[in-house]
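Have the viewer open as you read.

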Amino acid sequence: MVSDREGGGISPLRWHFDEPPNEEVFPPMIRTKRFVAALRRTPSDLKRLFQEPLLLMGILLVNVFLFLFVVLPLFKIFQLSFEDNGRFSLQVFVDLMSKRYNVQPLIHSLTLGVAVSILGTLIGFIFAYAITRVDIPWKRFFTVTATFPIIAPPFMMSLSAILLFGKQGFVSKMILREMIQFKIYGFWGLLVVETLTYFSTAYLTLYGVLQAIDPALEDAALDLGASKGKIFRSITLPLATPGIASAILLIFSQSLADFGNPMILAGNYTILATQAYLTIVGMYNMKGGAALAILLLIPSLIAFCVQKYWVSRKSYVTVTGKPSAARIKVDRPLTKYSIFGLCLLLASVIFLFYGMILFGSVVKLWGANHSLTWDNYVHVFTIGWEYIKDTLLLSSIATPIAGVLAMVIAFLVVRKNFPGKRLMELVSLLTFAVPGTVVGIGYILAFNQRPLLLTGTAAIIVLLFIFRDIAVGVQTGIAELQQIDPSIEEASTDLGADSSVTFRRITLPLITPAFYAGLAFTFVKCMTAISAVIFVVSGKWNLITIAILGSVENSDLSQAAAFSVVIIIFILLALWLIQFLVNRLGGGRKLKFEKAETLQSI
Amino acid sequence: MSVLLALWVGTPVLSEAADVLHMYTALDPNEAKVYIEAFIKDTKINVEWVRMSAGEVLTRLKAEAKNPQVSLWFGGPSTEFIAGKKEGLLVPYNSPVGAPFLKGNLKDAEDYWTGFYFGAIGFGNNTHWFEKNKVPYPTSWQDLLKPEFKGQISIAYPYTSGTAFTTLATVCMIMGEDKAFDYWKKLDANIHHYNTSGSACVTQAGLGEIAIGIAFSHDILAKGSSKGYPVKGTFPSEGTGYEIGGLALIKGGSEPELGKKFIDWTLSKRAQDLMQVWFRIPLNPEAEIAAGATKAADVKLINYDEEWAGNNNKRLIEKWRQMIGK
C-alpha cells in the first residue's frame, strides 16, 4: 500500500495494492533517501552523468519540459499581474481589492473551502473508521460508495442537485410536493455538492492512516481495561490527527480549485475560480483575470506547503516490525449499528445523487414532460459525437505519455543524483497544487504567440492533460521505487547496461503497478477535466465536459445527464482495460485500486 | 520516448486543410447545427464550429488576433459586432445577396458586419406560477420591481451575454443612464441569480426555478413554449430594445472566400426560411416567418442606438459591476 506516512505524498488518491497488511513495512522515505544520498554523494556524480549522454539528455529534456509547461505558464501570470509599463507594481491588486465584485469572491471561496473541508473530512472519517475499525456488514459496498465520486465528472453532483432539489426536482416536487423550498443556488447548495464530491479524498487519506495505526497499541489499552470509547478518544483519534489535518487541507485546496460545480450552482455566491474565468472570457480583462488567479493561487499554495512540509512530517503513524494481525473491531451492537446506520444514510444520499443522473438522462424534457426516451443518448452520439471522439483521442494520447514521463521523473528522483533534483521533484508536484483555472490562464498567456504558438491545436490540450496530472504518477512511482532495493538495478549497471536500458528492462517492470495506477488516474482526470482546458478548447478540438457545461447552462438537463452517464461508462471501460492489462502483464502483484473495484461491483 | 511522442503530437495539428470553414457561433448549439448542416448540404463546404456566448467569442477573437483560429463569427447581437469592429477584429464584406434588403441599421455602414435576423427583448413568464399566485403578468419595466417578484427573476450577466447587455443598454436609453442604474439596483433585489448564457433563463422559467426570465422573444418561444414548457411572453409597455443578429468575417482568417459564401448563403431565402425553427424574424423579405413569432410590428420598440451601446459597452459593464458587485 502506498500511503502518506513517509512524508512524500500529496495525492488525494491512495492506490491500494493487494498485499496483506503485515507486509506493508518499508523504511521511512526520508531516512532511506538521506542514507542513499549520503552513500552516493560523491564528486564523481557529475562525471558519471557525463559518461551517460542518454541519461544526461533525459534529465535535460525533462527539465526543459517541466520548465516550459509548468513553470513558464505560472511565470506569465505573475508577469502580467505584477508588471506595469515594464516596472514591478502592485497596482493591479490595489485595484482588485478596492472593488466589491472582486473581494466578495475571495471571501466566499475561503468560507466555502473551510466549510467543505471540515464537513468532508468528518464524513470521510466516518466511512474510514467504519471500514477499518467497526465490524459492520456491506464493507465492500461502502468502499465503492466512498470512492465512486473520484471517477465522476466533478459537476455531476450539481446537475443532480438541480434534478433532485430544484423547483421541479424529484424530491422537492414529487416527494415533498413543494412543501419545502430548497435554496440550492449559492452557499448551501455548493456546500452539499462539494462535500459529497470531495469527502472521498478524506476517506482515502484516513483509510490509509487508520489502516497503518498499529493495533497493538489499541489492544494494549483494551487489556489494561480502557473502554472502547476511551481508546477511540485517547489513542485512535490522536494518532489519526495528522491524517485528519492532511485531509482537511487537501479538501480545502480541491474546493478552492473547483470550477464545474460553482459554474452551475453558485448563483449569486460568486467565487474566485469562476470569477477569474468570467473576467477573462466576459470582460476581456486578461490582467484582472490573471490577478484573480494569483489570489486563488496563494491560499492553495499555502495549503499545499502546510500539508506537505508540516503536517505530513508530524505523522505519528507507528511503523514497527510486524504489526500484530489481531485488530480489535468495535462490535457493541449499539455503536456498531448506529455507525452502520450513519454509513447507510450517507451512502443512500450518494446513490440518490448518482441514480438521479441515470434517471434524468432518459427523461424527455425535465420539469415538463417526464416520459421516458432514449433521445438524449441519440443526441449524445450524434451532435455530441465530435466531443466524445476528441475527448477519447486526446485522453488516450496524453495518458501513456504522462504515465511514462511520471515514471521517468520518479526514477530520476529516487535513483539518480544530479543538481536540481529536489527542484525537479517539487516542480512536478506543483501542477497538482495549482488550481486548474490558474493553469488554464497561464497556458493561454504562455502559448499564444510565436515561437510557442499552440493555442487552437490539439497539442495544447494534450500538454495540459499531461502536465496537470503528472504529480500523482510521480508520487506513486517514487513511493514504489523506494521499496525496491536498488541492488537489482545496480547489478544491471554492473553487467554493462546503461541507465536507459536499466530503466526499461528492470525498473519499469518492477514498478508496473504504480505505472498503471498513474495511467488510470491520468485517464480519469483527462476525461473529467474542465477548469483548465476550458481556456484552451477550440473549434477543431472540443471536449465532453465543455459540452455538458453548455447543456447545463442552457438548462438542457437531460442532455447533460446523458453526457455524464456516457463519460462514466467510458471511464469504467478504460479502467477495466487497464486492470485487465495489469493482471495480464503486471506479474504476480495484483493491482487493487478502488476504481477498478468500483467497476467490478457495478 | 515520451518527449518524442509529445513532439509528434505537436506537429501534425499545426497544419490544416483549406476546404473547411472554421467559425465561432453565439447561437444555441442545437440551432446552429440546423443552419450549418443545411449549408454543408447545399455547398459541400465543411464547417468546424464552436459555440460560445457572444462575449466569449469577442474575448477569444481578441486573444487570437495574432493567430486567428476562425474565419467567421456567426450569430450574436450587433452591439457585440460593433465592439469587434472597434477592436479591429473584423474585415468588411458587402454581400450582393443582402444588398437589396439590408438597409439602415440592419448592417454596418461600412459592411464590417451583416445582419441576418431581428429579435426583441421580452419577459418569459412561467404561467403556472402566475396562475397559482394570482399575480398579473409583467407588462412594463417598472412591473419587474414589484415586491411579489422578489427572487423570481433571472437574467444573464451583462458582461457574458449579449441579451443581458442589450437589456442594460435598453433601460439606459429609456430612462437615461443614472435612472437606469438606480432602476437596476432595485431590480437586483428581485433577481434570483445571473446566468452566463442569455437564453438560459427561459428554460429556468419553464422549469419553474424562477417566474420571469428576461430574454429575446425568439428564445422565449424556441426554448419555452415550443418545447412544451409553460412559458408565455410579454413585452414592456415603455418600449423595448432589440437586437439585429449579425455575422462577420474575421480579420486574418484563413478562409475568407468560404466565409463570404456562408454570409451569402445565410441571407438567401432558403437559409432565412430555416429560421422558423427558432422563431427568429428573418431580414430577407421573401423568407417565411414562423407562426406566432414576434414581429417588429407586434411590440413597441424604442429607437435602439446600437452605436451608442457598442461604444459604451465597456464603460457600462464596469459601472454595472461596481454597483451590483457581481
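## Two domains in chain B

In chain B, the centres of domain 1 and domain 2 are 26 Å apart, taken over C-alpha atoms. Domain 1 covers 2-118 + 243-294 and domain 2 covers 119-241 + 308-324, with bounds that come from an automatic or database domain assignment. Where they meet, domain 1 of chain B puts in 23 residues and domain 2 of chain B puts in 23 residues; contact here means C-beta atoms, placed from the backbone, within 7 Å.

On the domain 1 side, the elements giving two or more residues are helix H3 (54-63), strand E3 (72-77), helix H4 (78-86), strand E5 (114-126) and strand E10 (242-250) of chain B. Helices (H or I, at least four residues) and strands (E, at least two) are DSSP runs numbered from the N terminus. H4(B) gives the most to that side, with five residues. By class, the side has 11 nonpolar, seven polar and five charged residues, where Ala, Val, Leu, Ile, Met, Phe, Trp, Tyr, Cys and Pro count as nonpolar, Asp, Glu, Lys and Arg as charged, and the others, Gly among them, as polar.

## Ground rules

This is a predicted model, in which local features need pLDDT of at least 70 and side-chain atom pairs count only at pLDDT 80 or more, while totals for chains, interfaces and linings use all residues. Residues are numbered from 1 along each chain as its sequence is written, and chains are lettered from A and ligands numbered from 1 in the order in which they are written.

## Chain B as a whole

Chain B has 13 helices and 11 strands. Its radius of gyration (over C-alpha atoms) is 20 Å, which agrees with the value near 20 Å for a compact globule of 326 residues; that rule is 2.2 Å times the number of residues to the power 0.38. Among chain B contacts with a separation of 6 or more, 78% join residues 24 or more positions apart.

## Where the chains meet

Across the interface, 48 residues of chain A contact 53 residues of chain B. H17(A) gives the most to the chain A side, with five residues. That side divides into 23 nonpolar, 20 polar and five charged residues.

## The largest core

The largest nonpolar core has 287 residues, with Leu159(A) and Ile461(A) making the most contacts inside it. Such a core is a set of buried Ala, Val, Leu, Ile, Met, Phe, Trp, Tyr and Cys residues joined through C-beta atoms within 7 Å. Domain 1 and domain 2 of chain B both give residues to this core, so it lies between them. Leu159(A) touches residues including Ile264(A), Ile357(A) and Val552(A).

Chain A averages a pLDDT of 81, and 85% of its residues score at least 70; pLDDT is the predictor's confidence in each residue, from 0 to 100. Among its elements, H5(A) has the highest mean (93) and helix H27 (residues 594-600) the lowest (34). The pLDDT is below 50 over residues 587-602 of chain A. Where pLDDT is low, the predicted coordinates should not be read in detail.

Methods
A residue is buried if 20 or more other C-beta atoms lie within 10 Å of its own, exposed if 12 or fewer, and partly exposed in between; C-beta atoms are placed from the backbone. Two residues are in contact if their C-beta atoms, placed from the backbone, lie within 7 Å. Lists of a residue's contacts leave out its neighbours within four places in sequence.
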